[in-house]
Amino acid sequence: MLQKPDEEFVKEGAEKVTPEDIETVLARSEDIKQQFSARGPLKRFIEDGKILTALVKDWRAGRYRQALYGTIAAVAFGLLYVFNPFDIIPDVLPIIGAVDDAAVIGALLLLVEGDLKKYRSWKESQLLVEEVKR
């Protein structure tokens, strides 16, 4: 029986994320971003996909460490899930295959909402600092 992608599904997936998985997210970040813009149900998450990818990049580079590893693992799991063409509903099935990806991203956003809000604030403050330096 297929498991419905929800917050618990994301938590369970995050527990299995390895440092290599996080490196894969970084290495494939452009491909992952393209998945958000290229497919129907994921289009509404384009900006979220960008900020989720940026969170992992900034965390990995040591620029942003306020997020716990569990949050980063959950984000990595969600992004890798979107990138994987053979998840619960294979992406080769037009539209339907992207619906489960959208469900996973929706569940991920609910799960990390507080951390993502803090990260967005931090990111905006960093952009202001950069702007002032110019």
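I started at Asp-6, which is partly exposed with a relative accessible area of 30% (buried is under 20%, exposed over 50%, partly exposed in between, with a 1.4 Å probe and protein chains only).

A note on the basis: this is a predicted model, where local features need pLDDT of at least 70, side-chain atom pairs count only at pLDDT 80 or more, and totals for chains, interfaces and linings use all residues. Residues are numbered from 1 along each chain as its sequence is written, and side-chain values use heavy atoms, with hydrogens and water left out.

Next I looked up where Asp-6 sits: the segment before α1 (7-14). For helices I kept to DSSP runs of H or I of at least four residues, and for strands to E runs of at least two, numbered from the N terminus.

I then checked what lies across from Asp-6. The C-alpha atom of Gly-106 is 8.1 Å from that of Asp-6, although the two are 100 residues apart along the chain. Gly-106 belongs to helix α6 (residues 96-111) and is partly exposed, at 23% relative accessible area.

On to Thr-53, in helix α4 (residues 46-60). I found Thr-53 buried, with a relative accessible area of 2%. Its side chain reaches the backbone oxygen of Gly-49 at 2.8 Å.

Last, I stepped back to the protein chain as a whole. I counted seven helices and zero strands, in the order α-α-α-α-α-α-α along the sequence. Of the 134 residues, 40% are buried.

Methods. Polar contact = N/O pair within 3.5 Å; in protein donor to acceptor, adjacent residues only side chain to side chain.
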